[in-house]
Amino acid sequence: MPTLTLYHNPRCSKSREALSLLESRRIDVMLHRYLDNPLDREQLAALARRLGDDAPQMLRRDESEWRQMGIDDPTLAQILDAIAEHPRLLQRPIADDGEYAVIGRPPQAVLQLI
């Protein structure tokens with residue numbers, strides 16, 4: 001099985017739980033700490049394609065940066081632009097095998113990729 005990339009925030013309990021679930025199954029995990037190494041707009045668009053129908057859920061709508069934008073029904077382009085500008089808006093965790101990606105809400109959802 002190829003290595004999974006986990007878009008990870010170590011301060012997030014859901015992200016830590018997803019990592020633990022993968023490691024307990026001896027899955028090779030490459031951590032991408034997206035707050036330290038933000039994704040650019042092109043990388044976010046590629047991730048959205050791998051998320052498929054779940055792409056709109058990659059946005060954390062409860063964050064102050066998003067609320068200040070005042071957008072009620074965002075397009076995918078607006079979501080990607082917002083996350084590129086404010087990486088904290090990226091939902092976490094997201095597991096990505098390079099072909100498909102899933103949002104780890106709940107954390108057990110990441111197991112779909114193994």
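Select strand β1, residues 4-8. L4, L6 and H8 point one way from β1, while T5 and Y7 point the other way. Both sets are buried, meaning under 20% relative accessible area with a 1.4 Å probe and protein chains only. Strands here are DSSP runs of E with at least two residues, and helices are runs of H or I with at least four, numbered from the N terminus.

This is a predicted model: local features need pLDDT of at least 70, side-chain atom pairs count only at pLDDT 80 or more, and totals for chains, interfaces and linings use all residues. Numbering starts from 1 along each chain as its sequence is written, and side-chain values use heavy atoms, without hydrogens or water.

Strands pair if DSSP finds at least two bridges between them. Find L6: L31 in β2 stands opposite.

Now show helix α1, residues 13-24. With β1 and β2, α1 makes a right-handed β-α-β unit. Right-handed means that, with the strands pointing away from you, the path from the first strand over the helix to the second runs clockwise.

Then select strand β3, residues 94-96. Three bridges join β3 to β1, this time antiparallel. T5 stands opposite D96 in β3.

Last stop: select Y34, P38, L39, L44, I83, P87 and L90. What do they line? The largest cavity. A cavity is a set of points on a 1 Å grid over the protein atoms alone where a 1.4 Å probe fits but cannot get out; lining residues have an atom within 4 Å of a point.

Key. On a 1 Å grid over the protein atoms alone, a cavity is a set of points where a 1.4 Å probe fits but cannot get out, and a pocket is an open set with protein on both sides within 12 Å along at least five of seven lines; lining residues have an atom within 4 Å of a point. Buried means under 20% relative accessible area, exposed over 50%, partly exposed in between (1.4 Å probe, protein chains only).
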